[in-house]
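Keep the view open and check each point as you go.

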Amino acid sequence: MNITRRHLMLLLPAAAIAWEHVLAGTPEKSPNYKMSEHWWSMLIDVPKCIGCGNCVRACAKENDVPEGYFRTWVERYHVADWGFENPVVDSPDGGIHGFPPSTQTGGKNFFIPKLCNHCVESPCTQVCPVGATFVSPDGVVLVDKEYCLGCRYCVQACPYGCRFINPKTNTAEKCTLCYHRITKGLTTACCENCPTGARQLADLKNPQDPIHEFLRTHSVQVLKPHMATNAKVFYNQLDGSVR
Amino acid sequence: MSVIKDSGHLFRLAIVFALGLVFFIGVRSIFVPKTFGEYGHFRGAAIADIAARPIAYAGRQACEDCHADVVQKKNSGKHVRIGCEACHGPLAKHVDDPASVQPEKLDTAVLCVRCHEANIAKPAGFPQVKAEEHSSGLACDTCHQPHAPSIVKGAGQ
Amino acid sequence: MIPVDGFMYPNEVELQWSVLIVLYPFLTGLVAGAFILASLERVFRVEAVKPTYRLALLTALAFLLVAPLPLQLHLGHPERSFEMYLTPHRSSAMAMFGFVYLWYLMAVLVVEIWLEYRRDIVHLAETSSGWKRWLYAAMTLGSHNVSPRSLAIDDRVGWIITIIGIPSAFLLHGYVGFIFGSVKANPWWSTPLMPVVFLFSAMVSGIAAVLMLYMFISWARGEKANALCVDTVAKYLFYTFVIDFSLEMLDLIHRIYESGESFRSLDFMVHTRLYIPHIVVQILFGTVMPIILLSMTQVLHFSELVRKRIYAVASAATLIGIFAMRWNVVIGGQLFSKSFLGYTTYKMGFATREGLLPAIVLMVLPFGILWALVKLLPPWTSPIPAHAGD
């Protein structure tokens, strides 16, 4: 596309307006974000997930996630007709390049995106010896990388395997629910880029948020409820075979 | 009385411990970050640090302002709910400086198949094909316009 | 590339805690065990083990000083480790352990050693020369009072310290067990028995270590190890071992019987990846064999020389077995996936920060420190006998 001077005359003002939309999210522009008014969670609509891996790629780009480590990932399940207890699961590179054609036939097959569950009774924050990981007042479990010792106790304590040690900073790291975005009125990178709406950010404190209606009318579960972590990532139609 | 005289060394030991305690309290007041404990058992300033991270994906709202025509076409097709950056990649930098930062050229052979290549684990109702058989090696956008992918007679732009 | 069998969550493939974290509970276990042995004489008046009293205290100190080093090497940011003392998170067992360690080192072990050796220290401050004179003089804290009254006070205070020290030693190593046992996410670790098993295996390893050291040092000095002493120590080793073994078997039998969600995955791991370290080294070689040997010495009659040889073999096997137990807990607990669908492999480096070489150095270092301590504060100082009542 050749950009003529005429094009520029039309484009630049429009670009300025567009940039306003992005800037609308910077701290200077939204001093009105009050942590106490929000309680963040996420909804995963399992029947909608197509395993494209867009979320994994978007997260990696938005958050500089080091290669080989995952703040979010997608698992593919194959449950044979009598194989409820032993699903066959794979997650090639966390699903970052999508999934190759399945070698399985028959049975029940689906994708499960996973991320930090931002637990209210978070076992990872319980075990942190110094207070480097914590639950923010608006319900997001975060890591203070200036304070973290890299002892890895939190990584051991997470039942969901969502934490890792960043080899560049030698500190613990995990999904932050794109805190830098959601505090500015944007949605998370994974939700923004999910083509089917399988992932949706939700604010439990917002009475208008569609999640309230959704939770009332659908069969929704969390991962590993027996761990009693009070997880806040809700899965619609989560199959019992999911680990 | 002699008990006190003969415990002199113990008092000295106690003093050493007391000095250690004072030293510890002193070190603590210097090194504990000032914002620690503001909201809970963590450094309060960490929240602002984390929130200050620069953004990579602008969000679909930002695209509409310049590219309204494309958005309108997209709204008429099956890809209506997909964000622009889902295919075009992170473009906050492009929004900031549209002339110098251009989005990457997309390769349909990689891009379209990630969603639409047939896979047993994808929902049955989701449009999926075996790309090789479907198009005999032709690029997807030979027949499908990605912004409004339904095939129109005489397509091929 | 780390080879994975089956499925693991993507972030689980690489192990988080290395051989250094195996070493750490092993070292603190030796500390707790050595101290309990020392307290046998001081509090429970088991006179027979008196010859090992001072040696046990010095052994405990040598190992306690080295114990934080594997942790420092393991941390992503060792320069931030002091944060655990500045802003300890009270809900974290690891943070609270920092204070238990500090308490035990300063308020129990150092004070007890100081009180026990004070008469010798004063004597050495007055009779040595050069830098040693300054060192001993500093250790006297400026008081040269060694009147019988002051020594009697020392004895009394030392006795109280030991009384406090026994639960402190339990806490020292029980806490390490709790650090693992309280992690509900990991079914290999999560059991209320973990602190108890850790504690008793610590006592076993500590007693075995002091027994071996005492026999070795006696031989090195050309002296005969006191037969009654080694027999008594071996007897306590045997009793403690029986309790430890019962506890471990209880945990195992319980798991097999209940056959909970994780059992199949863990069982497979024990029979494959963990077979040599767990079944062969820890159970057969490191527990069953020493128990059989020790029970033989309790039931049958052997000559003093043969008994000592048996004790040496049994103690060595015990120490290897207890190390294997720490390995099986720490490494074993990370080899299986929390999805119970797969297994990974531990790739231990050699000359890397958390590799085999630093582990070996850190295992040898306490003996170097012990050698220095024994030179500085000889456990056998005639003409000055040990604490009152010798």
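**Notes on the predicted model**

1. Start with a sheet in chain A. In this predicted model, β3, β2 and β4 of chain A form an open sheet of 3 strands, in the order β3-β2-β4, with antiparallel pairing. In general, strands of a sheet pair through backbone hydrogen bonds.

2. Which strands lie at the edges of this sheet? They are β3 (88-90) and β4 (108-115) of chain A. Each of these edge strands pairs on one side only.

3. Now take one pair of strands. Strand β2 of chain A covers residues 72-79. How many bridges join β2 to β4(A)? There are 8, and the two strands run antiparallel. One place to look is A:Arg76, which stands opposite A:Phe111 in β4(A).

4. A helix goes with these strands. Helix α2 of chain A, residues 54-63, lies across β2 and β4 of chain A. Its direction is at about 160° to β2(A).

5. The chain has 7 helices and 11 strands. Of its 243 residues, 54% count as buried. Consider the contacts between residues at least 6 apart in sequence: 65% of them join residues at least 24 apart.

6. Move to chain C and find C:Thr318. This residue sits in helix α12 (residues 304-330) of chain C. Is C:Thr318 buried or exposed? It counts as buried, because it has 29 C-beta neighbours inside 10 Å, and the cut-off for buried is 20 or more.

7. What touches C:Thr318, leaving aside its neighbours within four places in sequence? The contacts are C:Val204, C:Ser205, C:Ala208, C:Gly286 and C:Pro290. C:Thr318 and C:Cys229 are 89 residues apart in sequence. In space they are 19 Å apart, C-alpha to C-alpha.

8. Last, see where two chains meet. Here 14 residues of chain B are in contact with 13 residues of chain C. On the chain B side, the elements that give two or more residues are α1 (2-6) and α2 (8-31) of chain B. The largest share, 8 residues, comes from α2(B). What kinds of residue make up this side of chain B? They divide into 6 nonpolar, 5 polar and 3 charged.

How values were computed:
Residues are numbered from 1 along each chain as its sequence is written. Chains are lettered from A and ligands numbered from 1 in the order in which they are written. This is a predicted model: local features need pLDDT of at least 70, side-chain atom pairs count only at pLDDT 80 or more; totals for chains, interfaces and linings use all residues. Two strands pair if DSSP finds at least two bridges between them. Helices (H or I, at least four residues) and strands (E, at least two) are DSSP runs, numbered from the N terminus. Two residues are in contact if their C-beta atoms, placed from the backbone, lie within 7 Å. Axes are lines fitted to C-alpha atoms, for helices over the stretch in contact, and angles run from 0 to 180 degrees between N-to-C directions. A residue is buried if 20 or more other C-beta atoms lie within 10 Å of its own, exposed if 12 or fewer, and partly exposed in between; C-beta atoms are placed from the backbone. Ala, Val, Leu, Ile, Met, Phe, Trp, Tyr, Cys and Pro count as nonpolar, Asp, Glu, Lys and Arg as charged, and the others, Gly among them, as polar.
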